[in-house]
Amino acid sequence: MTDDHVYLTLAESDHEAEARWAYGTGFADPLLGVDTALAPDVDGADLSLYCQMLGDDALILSQRLIEWCTRAPELEEEVALANLGLDLLGQARLLLSRAGQADGSGRGEDDFAYWRPEHEFRNVRLVEVANGDFAFSVARLLLFATARGALYELLAGAPDPVLRAVAVRGAKELAYHQEYATAWTLRLGDGTAYSAERMQAGLDAVWPLLDELFTPHEVELRLGVDPTALREPVLAALAEVITEARLTVPTALPLARIGGRAGRDGVHTEALGPLLAEFQSVAREHPGATW
Amino acid sequence: MVQQEQSALEERFDAVVAAEQRIEPRDWMPDAYRATLVRQIAQHAHSEIIGMQPEGNWLTRAPSLRRKAILLAKAQDEAGHGLYLYAAAETLGVDRAELTEKLISGRQKYSSIFNYPTLTFADVGVIGWLVDGAAICNQVPLCRCSYGPYARAMVRVCKEESFHQRQGYELLMTLMRGTEGQRRMVRDAVDRWWWPSLMMFGPPDGDSPNTAQSMAWRIKRHTNDELRQRFVDMTVPQAEHLGVTLPDPALSWNEERGSWDFGEPDWSELQQVIKGNGPCNAERIDRRRAAHEDGAWVREAAVAYAAKQEERNV
Amino acid sequence: MSDMSWPLYEVFVRPRRGLNHVHVGSLHAADDRMALLAARDLYTRRNEGVSLWVVRSNAITASTPDEKDPFFEPSGDKVYRHPTFYDIPEDVPHI
């Protein structure tokens, strides 16, 4: 132990140092030991679509979080926001990979992320709208993390082993996201007059997009993972935070659907097109290339 | 009497440094030593933070999810490195807010390399390989710097930086094995980044008046030219292995020296970039200033909330 | 400085069970909760620790280097504080 280099002593404590890195040789497979065989009573096409729904939510929100990079209100928040983005990106990768296994197409995570057209993206509209200011982003994160955390707890009993594994791991990550978003909602809501105004405006703006997270798609119903059950506990949890932040729980009506369809059906806002154009641009410039 | 005390303090300081011991924050130190460290550590911290921008430019467009995750983790590391370094600077009695102010008003510098644009995704790989590689050459000796907090911060920075270099090189190997379009991107990026990377070590020894004092204080361990040579010797075989040609016709093995001879960088270009005329100087500072100013109301709200909470708890 | 900056916190990490918390650096945070979250993100980003302490830097009282002599030197000659002062027969177990 070298006493004048604290981090050397810290480094000594790990036997799998490499596993800590997002890259490097020792990357630990999060699905290690998980039986990836499809359960016989689960429809592969349905499971694939469901994995795309949850995977796209995580993927698109991580892209929005990434847009904060070099623009955060303080350097400590740069690190925190990147962490949230990395967690969601990690979940998206597992879920999209599973989607390609489930439907038997053998498509990988990148096939889904880079080569699907917009109308095949299944994310809710909440995650795709532009970032707005920090209060708006915090409001969106609060809604998403609260709802997704609750869903992952529910999915700990899902019919698919990979989905279960993602949910168990993701629930811990989402608990942190919720803690982060809650803390900032309180600070902004109960901070200065201006920040309270911004936080309220942020909540009012994202509120109409919340309902989609509780509106079941036929695929979800067939898989027995009805998100309707989340509505009450999530609304109660949100109301508690918003009240503690001395703000008003918005009463705005849900954003209208189009002919009964919305994000889960591949019908989006105008925000998704430009996001994907940027996201997919390099990959599409080099068809067939590996990176 | 006072003078006697002063010289006793100086003697003790010199003895600690000469014995390869560390100077710690509350120790007496010469004013010029403190000022040199503040300037160097602040510049280093600013470089990490500004350095997030050129690569951050490709975060939203990274062509695979794995590369996206790696790049995001790397940008996060850089923010972390900036923070460790600002923390080290603060032990010398300066405030981070003050340093940030000096950065965005142009009164403190950051590494000129970040004033060059990233034009293709291959730039991400070349920055990892050459820019982070050059940074490692500069930084490894700093782990033995005489100022304790700086040395300790550098231990961690270097550990993480070596992974950055590896990911860069691995990306380039992948691209060189890929399509002709990908290989072209790599060659173009190497052509653009090679000379600026050599300039990262600073002006030639003859034009670097502060080096001698920094070496006497054990802040610096090697001269600019020594480090530049070390970098070239390390990099040439890597370039050969990669299958790229470094854009220097004067590059040749010198049997006698056991080192590579190389050409002279265009120092007038470096001077231009340092003086603020680099391709991206204005954008880099503007972005940093915008983030700082746009975030002011958020930071203020957090302070106001903390004050209210404290009041309520009384 | 017109800008309101956040106070400084010192961060201590316990690298693993059985070891003391060690000082690893500092960060700025508006409140304790933020400091703890930021410390987790910044100083244990790669699972370098099992436990964290954060404390406002201005809450730390330190000895000054000038006090070093009276403060630290006596322990050097109080040899009874050091385990090697005591001769224990080799065959006494677990000491």
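In chain B, the mean position of the 38 positive charges and that of the 44 negative charges lie 6 Å apart. This value, like the others that follow, comes from a predicted model.

Chain B is built with 13 helices and two strands. Its radius of gyration is 21 Å, close to the 20 Å that the globule rule gives for 314 residues, so chain B is as compact as a globular protein of that length. Along the principal axes, the C-alpha atoms of chain B fill a box of roughly 70 × 60 × 35 Å. Of the 314 residues in chain B, 58% are buried, and among its contacts with a separation of 6 or more, 77% join residues 24 or more positions apart. The accessible surface of chain B comes to about 12800 Å², and carbon and sulfur atoms account for 51% of that area.

Within this chain, B:Met199 belongs to helix H8, which covers residues 180-199. B:Met199 counts as buried because its relative accessibility is 4%, where the cut-off for buried is under 20%. Apart from neighbours within four places in sequence, B:Met199 is in contact with B:Tyr116, B:Arg228, B:Pro265, B:Asp266, B:Trp267, B:Glu269 and B:Leu270. By contrast, 43 Å separates the C-alpha atoms of B:Met199 and B:Ala301, which are 102 residues apart along the chain.

In chain C, strand S1 (residues 8-14) pairs with S2(C) in the antiparallel sense over six bridges, and C:Glu10 has C:Ser26 of S2(C) as its bridge partner. Strand S2 of chain C (residues 22-28) is largely enclosed by the rest of the structure, because five of its seven residues are buried.

Key. Residues numbered from 1 in each chain as written. Chains lettered and ligands numbered in written order. Predicted model: local features only at pLDDT ≥ 70, side-chain atom pairs only at ≥ 80, totals over all residues. Heavy atoms only, no water. Helix = DSSP H or I, 4+ residues; strand = E, 2+ residues; numbered from the N terminus. Buried < 20%, exposed > 50% of the residue type's maximum accessible area, 1.4 Å probe, protein only. Contact = heavy atoms within 4.5 Å. Pairing = 2+ DSSP bridges. Rg over C-alpha atoms; globule rule 2.2 N^0.38 Å. Areas by Shrake-Rupley, 256 points an atom, 1.4 Å probe, with all protein chains shown as cover. Lys, Arg positive; Asp, Glu negative; His and termini not counted. Charge placed at Lys NZ, Arg CZ, Asp CG, Glu CD.
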